[in-house]
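Biologist: I'm new to this one. Can you put it on the screen and walk me through it?

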Amino acid sequence: MSDSDENRSIPSVIVDPDDYNEVVKKLDRIDEKVEFANSEIAQRIGKKIGRDIGILYGAVTGILIFLIYISVSSMF
């Protein structure tokens with residue numbers, strides 16, 4: 001083999017299967033924690049947006065009821 005063939009070869013590493021499985025389990029636990037934190041953040045953002053939309057709908061409904069009341073009371 002020439003020097004260029006050695007540079008292009010894929011390095012191989014031998015790992016104990018038990019160590020590999022342990023690392024994969026740790027990574028899975030970390031992934032679950034990150035996913036849980038992200039879902040909690042998304043839920044809080046959703047609650048804030050829902051509250052803001054509810055306030056907006058309430059204000060618009062209140063204004064409409066007020067305008068209808070004013071227009072009806074001016075007729076009598």
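Modeller: We'll start with the overall shape, then turn to charges and surface patches. This is a predicted model: local features need pLDDT of at least 70, side-chain atom pairs count only at pLDDT 80 or more, and totals for chains, interfaces and linings use all residues. Residues are numbered from 1 along each chain as its sequence is written, and side-chain values use heavy atoms, with hydrogens and water left out.

Biologist: How many helices and strands does the chain have?

Modeller: The chain has 2 helices and 0 strands. Helices (H or I, at least four residues) and strands (E, at least two) are DSSP runs, numbered from the N terminus. The radius of gyration is 32 Å, well over the 11 Å that the globule rule gives for 76 residues, so the chain is more spread out than a compact globule. That radius is taken over C-alpha atoms, and the rule is 2.2 Å times the number of residues to the power 0.38.

Biologist: What does the C-alpha trace span along its principal axes?

Modeller: About 105 × 35 × 10 Å. Q43 and M75 are 32 residues apart along the chain, and their C-alpha atoms are separated by 48 Å. For A42 and V24, 18 residues apart, the C-alpha separation is 27 Å. Both Q43 and A42 sit in helix α2.

Biologist: What share of the residues is buried?

Modeller: Buried residues make up 0% of the 76. Buried means under 20% relative accessible area, exposed over 50%, and partly exposed in between (1.4 Å probe, protein chains only). Q43 is partly exposed, because its relative accessibility is 44%. A42 also counts as partly exposed, at 47%.

Biologist: Switching to charges. How many salt bridges are there?

Modeller: The whole structure has 2. A salt bridge is a side-chain nitrogen of Lys or Arg within 4 Å of a carboxyl oxygen of Asp or Glu. E22 pairs with K26, the closest N and O atoms being 3.6 Å apart. D52 and R51 meet at 3.1 Å, N to O.

Biologist: Where do E22 and K26 sit relative to each other?

Modeller: They are 4 residues apart in helix α2, so about one helical turn separates them. E22 is partly exposed at 41%, and K26 is partly exposed at 43%.

Biologist: What about D52 and R51, how accessible are they?

Modeller: D52 is partly exposed at 42%. R51 is partly exposed at 48%.

Biologist: Which residues gather in the negative patch?

Modeller: D28, D31, E32 and E35. Patches are made of residues with over 30% relative accessible area and no salt bridge; like charges are joined within 9 Å, nonpolar side chains (Val, Leu, Ile, Met, Phe, Trp, Tyr) within 5 Å. E32 lies in helix α2 and is exposed, with a relative accessible area of 55%.

Biologist: Which residues form the nonpolar patch?

Modeller: L56, V60, I63, L64, F66, L67, Y69 and I70, with about 820 Å² of accessible area together. V60 is in helix α2, which covers residues 17-73. V60 is partly exposed, at 42%.

Technical notes: Areas by Shrake-Rupley, 256 points an atom, 1.4 Å probe, with all protein chains shown as cover. Lys, Arg positive; Asp, Glu negative; His and termini not counted. Charge placed at Lys NZ, Arg CZ, Asp CG, Glu CD.
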